[in-house]
Structures are given as structure tokens and as C-alpha cells.
Amino acid sequence: MEFATFADRVAAIDAESADLEIVAHVRDLFEDAGDDLPVVARFVQGRVFPAWDSTTLDIGPNTCYEAIARAAGTNVAADDVEERLAERGEIGDVAASYDFGGQQGLGAFTGGGGDSTGSGDDLTVREVDDTLTELAAAEGAGSQDRKVDLLFGLFNRCSSSEARYLARLVLSEMRIGVGEGTVRDAIAEAFEVPEDRVERALQVSNDYGQVAQVARDEGVSGLDGIELELGRPVQAMLAQAGTVTDALEEWDEAGVEWKYDGARIQLHHDPGGQTRVFSRNMEEVTDALPEVVEFAAETLDEPVILDGEVVAIDEDGSPLPFQEVLKRFRRKHDVAKAREDVSVRPVFFDCLHAGGEDLLEVPLTSRHERLESVLAAGPDRDQDPAEVDGLSLLWLTDDPGEIEAIDADALAAGHEGIMLKNPDSAYSPGRRGKNWRKRKPDVDTLDCVVTGAEWGEGRRATFLGTFELSVRDGDELETVGKVATGITDEKLEELTELLDPHIAAEEGQNVELEPAVVFEVGYEEIQASPTYSSGYALRFPRFVGVRYDKDPEEADTLERLRNLQ
Ligand code: ATP
């Protein structure tokens, strides 16, 4: 296909605002694309490379301005391009405002496209693709000059309409309203295949060009035959914010996991071949994370794709804050040195492929079983899951108390809290659906007076814990719940020192406190409850902090609690 034809079709899409019409234009474009269908299916979305391929053109706007300026003629400078950009606000408009034909004395000829200010030297979609691929591969000394030269060579052969869309393509600013859904629908319409099968093939391959071609040439059976490939990242399944209450209402039981505070990774490991690690955005991060590669080599003995998190750890293996992972995550240089400062370890919570089998459509519980067996490979195959290195545990429960305890353990171990997952759900790449929920603990917070506590047990025997919370009702204090969650040992020590002077009475482990200290407490819900003297109970209360600035007289009231319910 000539690039001028592509540009004209894209201009028609650009001028259209109705979604159905846009799909119809894209469908027609696909039907007419011939051998160039895979390239056209990417270009129309403003992609030069397939979504799974993290290759970039690696050119900044200035390189593009320079190439445009050179193609526009000897008396045009990159500054002029920038000035026009400031006026017009959009690089496509700027590129289209120059007459590129004159550079090589070809300006007298006209191109074949609808907009005929071109050079007559017919640029094809294939040539643009080949040149941009060559440009992306240029590296080392002089590569920026080479990039400008290649880009200049393309602009120099462009009509104004072609230049408009070439500039937008190169700077990833296509913006013609063609998203992933449009391409999916257009493929389905053009080649008469069901949308859901196109969708599945897209999720698995992350390659719109391949899917369009297979749909056209091999139909539904071809699409269904597209499988995950080791080395090609899949879009990560994402989570919505949600509450325990909602999760337990919707599912018979909830899958509960610790939420690790690190960076998402997808591991592709082939024991006989390569190990590659990708980020949540499908960028390759293998070289930055040698610990993950070593882990895979030591632990895994079959081809797998695993989804997980990489966490920074201190010398004892305890998790460090997220910022520490960032120091390692995309690092390209001095990895060994960075590793000495901060080391990382992977924790995996999902298995998308194992032993030649794709598992995306298998329920979470079965995927997790596979994950466990994959990670427990080797001599320790029968070990306790809690002992399996790199495994994120999955608990199944319908008991809110148990979920609260898992949350407390996660926080005590220095993690972020919990994830709630639908045990029966498939793995939906790229989806932020209801099947994965990051627990949103605090619907709101209340400032409560601490009126009691309990001495801890075991290693916490010298600390006060499980604090009784009350709100004001006139001159009285009425209890609303107990908080034990969200408090580290360090903090417990500090709170014990703070409350000790206010102990009014003790009986066994129970301590009565005179009202002196105010806690800010987050909660999920307020429920009517006979358990506490206020007649209400906070569900999932979580310690947020001490309100050193507030006296008990300034704590929240029963009236506010009633209004919040
Ligand atoms: P968002 O995904 O909403 O853009 P984010 O990337 O900051 O935001 P969160 O929403 O806070 O992440 O939580 C989802 C992320 O939590 C996942 O992408 C993953 O990186 C991380 N995570 C940690 N532990 C788990 C787990 N057990 N299961 C799934 N994701 C987990």
C-alpha cells in the first residue's frame, strides 16, 4: 500500500467522530491492506512495533524537528519548526505546513494521493516500516545523526498529508481515535470472525498485526490456535480498589494474598533457553534484576510464565519501602554496584503458562496450585507451601476475622496489606476488573479515645496491644470497637510508653485506661452492634496514628458516628 493511500484513509478517520463510522473506516482499510495488513494494523494505532515488543525509536522531538526542517529546505531551521509548533500546537499540522517536494528538485511532480502537493516518488507503507525499523536499530556513536538522516529521507518524499501522519506516528501522537477496541471490532468485521475470539487472540499475543493477518488468512481456527509465547510479555491483570465486605458478599469465599510493596514483574523462563523479565508495562528489565534470573535458574525446571512482584529487602530479608525497588528496577548501568546497595527478591502470585500449557482461562485456585508445584520443583516437592521460596500464599476464606488476621500479619511482616481475589476467576490480561481487589481499608477515619488495652502475648508480652476505642456522648465515653491492626512492634513499644502512665486498673491481661490519648482510626464500615456500649461497631478498624494534637474532649462523637453510618 502506498503511504499516501494510508495517509488519506487515516485523514478520513481523523475527520470522523462517530465510533461506528471509525470502525467502518478501519475495517475498509484492513480489507484493502493486502500484504501490508500487519503493518497497517499497527500504524493505524500509532504503533511502529507490536505491543509486546519494547523496541522504541528512541528519538526525541528535537530529532524529528531537525529532520522536518532539513526536508523543508535549506532556509528552514529546527527553531522554525518549534515556532510553528507553538502556534499550531500539534506536530502533524506543523509537518503538513511545509512543502517537502522541493528538496531534490522533484517539487514539480505531484503525488498520487488525494492531497497532491507531494514529490511523486511514491513512498510505501512497507518502506516507512523498514526505515523506522532500521532507525530503531541504530545505536552507538553517530546513531542520532543516522536517525535524523533516515527520518529526513522519509519526510523528503512526503506529501503534506503523508508528512502529517508520519510526524504523528514517529512521535507516538497519532491521536485519531483508534484504540484497541476499534481495531478489535474492525478485525472482526473485516474478516467475519467473532469479536470475543479476536479479543482472546489479542490478549494472548499482544500483536494486532499478527491477529489481523491470522483472522484474514486462517479464520477462527487460526485465531484459536494463537498461544502464549515465551519471551512475549502479556499485559498484566490489574486490581480495583474494594472492601472485604463487598468481596465476601459477591463471592462464596475470597482468595486472600499479601500485597507486596514492590514492582510488578512477569518472568518468562525456559530452562533450555532464555530467562527474561518484563515490567508491568511490558518493558524488558532482565538485566536490571539478576537476582530474578538467578532465582529462575536455581528453582524452575520447566518452561513457565509467572506473574509476581519484585521486592527490595534488607540484610535480614525484611521488605524495604517501594522507593528502594525503584533504585534497581530500570537501571541500565552499574547493576552490580546497585545490587550491593539494595538487593531484591521475587515473589510470585500467578502462573500463566507451565509445561507447554496456557493457563489464562483456568480458575485462580488451579493456577495457584500450578504455581506452587512449579516453585516447589526439585527435591523439596512436598514441602509446606509456607516454606516454598518465592511463593505468595493464597488463603481461601469466608471469615472476615480470618481476613483481618491475614491483613495484620501482612502489615506486621512489613507488607502493604492484602489483595482480595475471586478464586474462580480467569486471568484477564490488561483488565482492571472486580476479580482482583486491592483492599481499600479506610472509607473514612475517626478520632477515638483509647479507653482500654490488652497486654500482648509471647514476644509482645511487654507491649500493650488490642486497644479499646471510644467516642464521646455528652460527658460519657462509649465503646465502638478494638484496634489491633496496622501497628508495628516499634510503634507498639512507643504506644505502650505513651499509655502506661494512664493505666487506671488491671485485671489479667486487660487494662483500663483513663481517657488521655486519641487515636485516628480508619475503618471499612460502621455497623449497628450490641457488642459495644455505643450500639455500633467499626468494621475492620485500622490504626492510622496518634492525634497528639487532640485532647479526649476533642475526639469524635456518637452523633458523628450515627451520621456516618
Ligand atoms: P494501579 O494498579 O491501580 O495503577 P499500582 O500499580 O500502584 O496502581 P496498586 O493498585 O496499588 O498498584 O496494586 C496493584 C499492584 O499490587 C499490582 O500491580 C502488583 O504490582 C502489586 N501486588 C502486590 N502483591 C500482589 C498480589 N498478591 N497480587 C496481585 N498484585 C500484587
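Ile22, Val23, Val26, Arg27, Phe30 and Glu31 of helix H2 meet Thr182, Val183, Asp185, Ala186, Ile187, Glu189 and Ala190 of helix H10, where a contact requires C-beta atoms, placed from the backbone, within 7 Å. These residues divide into 8 nonpolar, 1 polar and 4 charged. The model is predicted: local features need pLDDT of at least 70 and side-chain atom pairs count only at pLDDT 80 or more, whereas totals for chains, interfaces and linings use all residues. Residues are numbered from 1 along each chain as its sequence is written.

**Helix crossing**
- The axes (lines fitted to C-alpha atoms over the stretch in contact) of H2 (residues 19-31) and H10 (residues 180-191) come within 8 Å and cross at roughly 55°.
- The two helices are therefore oblique to each other; angles under 35 degrees count as roughly parallel, over 145 as roughly antiparallel, 65 to 115 as roughly perpendicular and the rest as oblique.

**Annotated positions**
- The unreviewed UniProt entry places a "binding site" at Glu257, Arg264, Arg280, Glu309, Phe349, Arg432 and Lys438; such annotations may be inferred rather than shown by experiment.

**Arg280**
- Arg280 lies in the loop between strand S4 (275-279) and helix H14 (290-299).
- Arg280 is partly exposed because 16 other C-beta atoms lie within 10 Å; 20 or more would be buried, and 12 or fewer exposed.
- Beyond neighbours within four places in sequence, Arg280 is in contact with Ala236 and Arg264.

**Glu309**
- Glu309 belongs to strand S5 (residues 304-313).
- Glu309 counts as buried, because it has 23 C-beta neighbours inside 10 Å.
- Leaving aside neighbours within four places in sequence, the contacts of Glu309 include Tyr260, Arg264 and Val347.

Methods. Helices (H or I, at least four residues) and strands (E, at least two) are DSSP runs, numbered from the N terminus. Two residues are in contact if their C-beta atoms, placed from the backbone, lie within 7 Å. Axes are lines fitted to C-alpha atoms, for helices over the stretch in contact, and angles run from 0 to 180 degrees between N-to-C directions. Ala, Val, Leu, Ile, Met, Phe, Trp, Tyr, Cys and Pro count as nonpolar, Asp, Glu, Lys and Arg as charged, and the others, Gly among them, as polar.
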